Amino acid sequence: MTRRLVVWCPDWPVVAAAATAATAAGRPTGVVAGNHIVACSALARSAGVRRGMRRRDAQGRCPELVLFTDDPARDARLFEPVAAAVEELAVGVEVVRPGVVAVPARGPAGYFGGEAAAAERLIDQVAVRTGVECQVGIADGLFAALLAAHRGQLVEPGASVDFLAPLSVRELNRPAEGQHRAELVDLLRRLGLRTLGAFAAVPERDVSARFGADAVLAHRLASGLEERPPARRRPPPELSVTETLDPPVTRVDAAAFAARGLAELFHAGLAAHGFACTRLGIHASTEHGEERGRVWRSAEPLTPAGVADRVRWQLEGWLRDERLSAGVATLRLEPDEVVEGHSLQLDLWRGAGTAAADERAGRAMVHVQGLLGPDAVGTPVLGGGRSPGERVRLVPWGDERTPAMDQAAPWPGQLPAPSPATVFTRPAPAAVRDKAGRTVGVDPWHELTAVPVEVALAGRPPMRVVDIAGPWPADERWWSEHRRRARIQALLESSEEDSPIAVLLMCENERWTVEGMYD
Amino acid sequence: MPVLGALATSGLAASGAVGAASSLVSTTDTAQRVLPVSAGLAGLFPLGGLRRGGTVVVHGSTSLLLSLLAEATAGGSWAAVVGMPDLGVLAAAELGVAVHRLALVPAPGQSASGSAGVVAALLDGFDLVAVASGRLVESHARRLSARARHRGAVLLSFGPWPAADLELRCTHVRWHLDGKRLRQREVVVTARGRGAAARPRKAAVLLPAPDGRVGPASEAGVMPGNRWETRSSDWLAKQA
């Protein structure tokens, strides 16, 4: 059992968010994700705000609460200086998550003459270098050390089991570290197992028979053992992946693009051997020969997206670092610790027989991204909205296909099918006139002020109106900027051919534009 | 040696062991050589669908271009559209295109050779590649057609293209508008091409039908009150 020293920065998401906004100083702050508070500052906590609370409840308890949206990339980027500060005094730094680093305790304890002295030095070092408050805990094993850090305790060697025993079983649910065990904790409490000691007293065999694999892991943690049995596999050296970046990467978006490709390659290499990575070493060197390296630890085996996220966060952290004199030229990913990866195989039915075609198309798109840049090629995704243009978002290839707006929400004034086959990215001006040659408008009741008789598109000669449909009203954001909009479909008599043309016209504040064409 | 090589080749060719690659292709199943199109349009193509390796030109109608992609993408093929930033994706989805297998490259670069390179890269991985032909010069176009033939992809051009196998255009357009919305459009699609397609073929379809898809024109429901000519005169009379 290795002695672990954990440096924990309390409420890191809040600290990181507040560091980017000067307004938050001295006021209660919180971070929200999906309408729930995921982290809050001590001031906010004293006002009654708790993690997991709904945004509105939190604002009800503490009206002056400053809220930020959750951004894992920001957390990771700002944490890099803290990790670097710890690394100056201790070797073998592992980032457990933004806000928590773990190091083996033996080195610094021996060097600074005792664990208490080492802990004090580290707290000072982090405060001086980065201005961030942190707490240190030392215990046997990462889980006990993390809990010790939350309490600022140094647990004697061999005393970790006694330290853990009286603590609440709720400590097993750690959403911030990616270990969601709310249901298990609830079940244990209802069974009367309220402390980690009581849970640890249940024989492991019974736990595994009754609760399943994740509970066995939790049981190991509660018993003060390492998360995984020590028989971990040493990865063969060829599983590390090195990529030469030409031209060297200096921009964050380019780094994200490089990270994605490399993560896929890395994961595929591991998967071919039946492995998944739980500790990922990211190493980079610049054109001028500067070297940077960092180990990321994850409780769960990393998925390709998880690897890509960590590489991207790390590169962002380094690229914002002024001490780097040139762009990143080579990037190496090393699996420091691997586990059996059977649980991570891609699902068998994905693509249902079209997997080969999907892969070929994906490769061609990556090729085009290489020629034109990452944003140049994408697949569209349909969402909610009123106009045909609003309802489509082009997602760059490789990004998550999420619509811009919710499709299920009600959209009064949405145009019915069929939709225009041409939707102008830059709508051209149009003139819509009545019999007397005056411009037709839309009144507050969304009716046309006159009957349109002729329409001129983009300065071309006017065409006679055969028929119109609509208008479809679209009053958007009437509370902030007044935009009274209405759309009509118009059938126009074309002079060139005998066939009529159908267009979608939009009126905004008496000005008409042609949004689309049914061609 | 060259002489020997030539002799050997001609000998083999005479014995039937060596043949043109195209003859090998022709022995395979029609289903593999042809990408499906919707039933209303199948009659326009000599093989009843888009022949792999072929170049098809669409004149003037974006929805006709999109309707050609519908059946193939729904069946698992991928399609790419290059250089058409104003493409109506919603209309594509309504016509039956599986938009999660539709790649868009709205801006393939300023230079003609650059965009030709992008199209060539896409032909390697996609079954269907649609290109707005405006910026490409003739030599690039011929090379891309050859590449499509080699890769077994279908090249669709929106606008004139040299060396096309088939050219499609819409005629006799007739819109139906039912007072509340544009409802459907009757068109006659004319196909004209080389070889087996030399004789012009015509198909009357609804493009789009009231639900946005392609429908056979027999479903048109040509009720007198539904035609735009008569309806619009009613409407104008009422408004006046």
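Contact between the two chains involves 45 residues of chain A and 47 residues of chain B, where two residues are in contact if their C-beta atoms, placed from the backbone, lie within 7 Å. This is a predicted model, in which local features need pLDDT of at least 70 and side-chain atom pairs count only at pLDDT 80 or more, while totals for chains, interfaces and linings use all residues. Residues are numbered from 1 along each chain as its sequence is written, and chains are lettered from A and ligands numbered from 1 in the order in which they are written.

On the side of chain A that touches chain B, at least two residues each come from α15 (355–372), β12 (378–382), β13 (392–396), β14 (422–433), β16 (463–476), β17 (483–493) and β19 (511–518) of chain A. Helices (H or I, at least four residues) and strands (E, at least two) are DSSP runs, numbered from the N terminus. The element that gives the most to this side is α15(A), with ten residues. By class, the residues of this side of chain A are 28 nonpolar, eleven polar and six charged. Here Ala, Val, Leu, Ile, Met, Phe, Trp, Tyr, Cys and Pro count as nonpolar, Asp, Glu, Lys and Arg as charged, and the others, Gly among them, as polar.

Chain A has 15 helices and 19 strands, and 38% of its 519 residues count as buried. A residue is buried if 20 or more other C-beta atoms lie within 10 Å of its own, exposed if 12 or fewer, and partly exposed in between, with C-beta atoms placed from the backbone. Of the contacts in chain A with a separation of 6 or more, 57% are between residues 24 or more positions apart. Chain B has nine helices and eleven strands, and 47% of its 240 residues are buried. In chain B, 62% of the contacts between residues at least 6 apart in sequence join residues at least 24 apart.

One region of chain A can be followed in detail, starting with a sheet. Three strands of chain A form an open sheet in the order β3-β2-β4, with mixed pairing; two strands pair if DSSP finds at least two bridges between them. The edge strands, each pairing on one side only, are β3 (36–40) and β4 (66–69) of chain A. On average, neighbouring strands of this sheet are turned by 40 degrees against each other, direction ignored.

Strand β2 (residues 29–33) of chain A pairs with β3(A) in the antiparallel sense over four bridges. With β4(A), β2(A) pairs in the parallel sense, over four bridges. V31(A) stands opposite A39(A) in β3(A). V32(A) has I37(A) as its bridge partner in β3(A) and stands opposite T69(A) in β4(A). Two residues lie between β2(A) and β3(A), which form a hairpin, and G34(A) in the turn has a positive phi of about 55 degrees. Four of the five residues of β2(A) are buried, and the strand is mostly covered.

Helix α1 (residues 12–20) of chain A lies across β2, β3 and β4 of chain A and runs at about 105 degrees to β2(A). Axes are lines fitted to C-alpha atoms, for helices over the stretch in contact, and angles run from 0 to 180 degrees between N-to-C directions. α1(A) is largely enclosed by the rest of the structure, because seven of its nine residues are buried. These are W12(A), P13(A), V14(A), V15(A), A16(A), A17(A) and A18(A). The buried residues of α1(A) pack against β2, β3, β4 and α4 of chain A.

With helix α4 (residues 72–89) of chain A, α1(A) packs at an angle of about 85 degrees, the axes being 9 Å apart. α1(A) and α4(A) are therefore roughly perpendicular to each other, a label for angles of 65 to 115 degrees, whereas those under 35 count as roughly parallel, those over 145 as roughly antiparallel and the rest as oblique. W12(A), P13(A), A16(A), A17(A), A19(A) and T20(A) of α1(A) make this contact with R74(A), D75(A), L78(A) and F79(A) of α4(A). Seven nonpolar, one polar and two charged residues take part in the contact of α1(A) with α4(A).
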